[in-house]
Amino acid sequence: MKSLLSILLITVAAQASAQLDLLSLRDAARSRDINRIAQLADASRGEVLEMYPQYYWYSLQLPQLNDSDLKPFFDRFEGTPLADRLRGEWLKELGKRQDWTAFDAHYLRADAPPIELQCFAAQSALAKADRNATLKLRPSWFSDQARPEACNPVYDALFEAKQLTNDDVWARIRLALAANKPDFARQLSARVGFPAALANRAITVAANTPEKALPKLAGNDRGTREAALFAIQRLARSDADKAAGWLGKLSRDWPEADQRYGWQELGQIAVRQHLPQANEWFERGGMSDLDESGRFWAVRAALLAQDPKTTLARIDAMPAEDLKLTVWRYWRAMALKSLNRVPEATVLLSELAGGEDFYSLLAKDALGSVAEAVTPPITTSEEQMRAVQQRPGIQRALALYDQDWRTEGMREWTWALRGLTPQEQVAAAQIAERNNLLDRMIFTAERTPGRVDPRLKYPTPYRPLVQAESRENGVDAAWVYGLIRQESRFMSTARSGVGASGLMQLMPATAKWVAGKLGMKGVSPSELNNIETNVRFGTFYLGYIQERLEGHPVLATAGYNAGPGRARNWQASQPMDAVIYIETIPFDETRDYVKKVMANAQHYGYLLGEQTTLAQRLATIPPKGGTVDAP
């Protein structure tokens, strides 16, 4: 038999007749069967997926290889996602070996290297007495996440050069405590002498029984102040007013910056609970030194308080990067409008109205009837489609999808789009459509600059089924389509990390509950991938929770994602503007989800010829009342 490496170095131009069995390859890779992988590599020479067994052959043996062994793979497959993936693995190996000559050569070609590789690169620079590279990594210190071991020598060098100080350690301890990671904060405290207030037992008491801990945290040393702030934050989650009382009592002799931080943190916790005190507490804390999340919640507190003057002031205090986001441009316009600065508001809204996202649709609605110049969509030809389909990356993606290697197929598809013209991107979207890869079609169409045929962004498969089940359950078909698009991108076999399945991403417990309501004995997990079953169960559940959540689609959408009980809890005791309700949803994922589903529904409404306006979808949220008996 030929040597393993000689098998991998042969290049065959003609397409082999056999097709690589990816299931066999995956089994061989999991069992680390090098000989079987070599056989698959030999059998697949010249095929569109020939690099895949070769990749696994190299990847599983990296500790035994040297740079010259991998050179043929990189020479042959440079510019592909697998080459980048293998290079990332090889760079980690080279970093561990401290082989900085080979590392530096490969690092120059790495695509978006992660923090571990950035730290190895800084180590390489340190080995050459170049300390400037370490300075670039100083911002990475300020994180509530533990960093890879490769970063420790870099941070040590920064401390030695006094580019990081004890104050920076305390800043990171504060980040860890704010993220409720007391164990990590305790580990960090080693750099500042293990203060007693952050010892294991003390910080555990502060985390679990803050009211018990707070009377013992009256000191004014740095460790005690940080522990007290942590305990106050923990208490605020159950009793914000009591936490504010402790902050006022303990902080009298604290530095002003610590006092402001305490009120800022209480403001963030309170606004997530929709407490009216939030705006006042942010006012006491001010906007200085707030991180991005804090700045955003400060504005939301002003929105919740219906205080346009403070809303405008806090938005105007944001950095320029924040002000590029459509969310804050929209709310700035609405604050200006409320303050009778209508011409300024109209300019902002007009700029926003050209887009397709949630805030662009809101801007169009706020402007009223405005004549729009309709640009014809980008078109492409069959010849262009054939040319795009012949691109190796597209070929590999289609072959991977054909054997249900979806993650790898998505990666190949994304890389294949690099450098395509808008017309070629539209051609790629149409290729995805013809291959029933609706998720890739939507992904590609959304990223194409210029106007794209709406059906490529908002497909309507299974229309008779969706419309029939929508009528049966008293829900808007455009809304159902908007929800499916956000949940699964029309992948009927989609499965989330928490176990939700199918087009409408139903959890097993929810499906079991729906089956009971429909008089069925139950439903197996595999049945949930059946399109008819999934749409039937999903629309029933959506209609059911809509009926029990004041008949409001915004509440039901939030409830579909986060649970109807939470959607109910986020209502106020008085009527509430629906857009402010959405903007102040405490969960980032649910807030983003509701915005996208509502925007999707509006676009689908146009395509389906429905008459529902955005204002109708976003009618005033009624006061909280009643309970919901749904999972």
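The aromatic pairs come first: this structure, a predicted model, holds 25 of them. Consider Tyr330 and Trp331. Their ring centres lie 5.1 Å apart with the planes at 70°, and because planes over 60 degrees apart count as edge-to-face, this pair is edge-to-face. Tyr330 and Trp331 are both buried.

A second pair is formed by Tyr458 and Tyr604. Here the ring centres are 5.5 Å apart and the planes stand at 85°, so this pair, too, is edge-to-face. The two residues come from distant parts of the chain, 146 residues apart: Tyr458 belongs to the loop between helix H29 (454–457) and helix H30 (463–473), while Tyr604 belongs to helix H37 (residues 588–608). Both Tyr458 and Tyr604 are buried.

Next, charges over rings. Arg418 is placed over the face of Trp415, 3.8 Å from the ring centre.

I turn now to the nonpolar cores. Which residues have the most contacts inside the largest core? They are Trp331, Phe358, Trp413, Tyr560, Tyr581 and Leu618, in a core of 101 residues. Helix H37 gives this core its largest share, eight residues. As for Tyr581, leaving aside residues up to four places away in sequence, its contacts are Val554, Leu555, Ala558, Ala567, Trp570, Gln571, Met576 and Ile621. Another core, of 95 residues, lies apart from the largest one, and includes Cys151, Leu164, Leu198 and Ala240.

Terms used
Residues are numbered from 1 along each chain as its sequence is written. This is a predicted model: local features need pLDDT of at least 70, side-chain atom pairs count only at pLDDT 80 or more; totals for chains, interfaces and linings use all residues. Side-chain values use heavy atoms; hydrogens and water are left out. Rings of Phe, Tyr and Trp (its six-membered ring) pair if their centres lie within 6.5 Å; planes under 30 degrees apart count as stacked, over 60 as edge-to-face and the rest as tilted. Buried means under 20% relative accessible area, exposed over 50%, partly exposed in between (1.4 Å probe, protein chains only). Helices (H or I, at least four residues) and strands (E, at least two) are DSSP runs, numbered from the N terminus. A charge sits over a ring if NZ of Lys or CZ of Arg is within 6 Å of the ring centre and within 35 degrees of the ring normal. A nonpolar core is a set of buried Ala, Val, Leu, Ile, Met, Phe, Trp, Tyr and Cys residues joined through side-chain atoms within 4.5 Å. Contact means heavy atoms within 4.5 Å.
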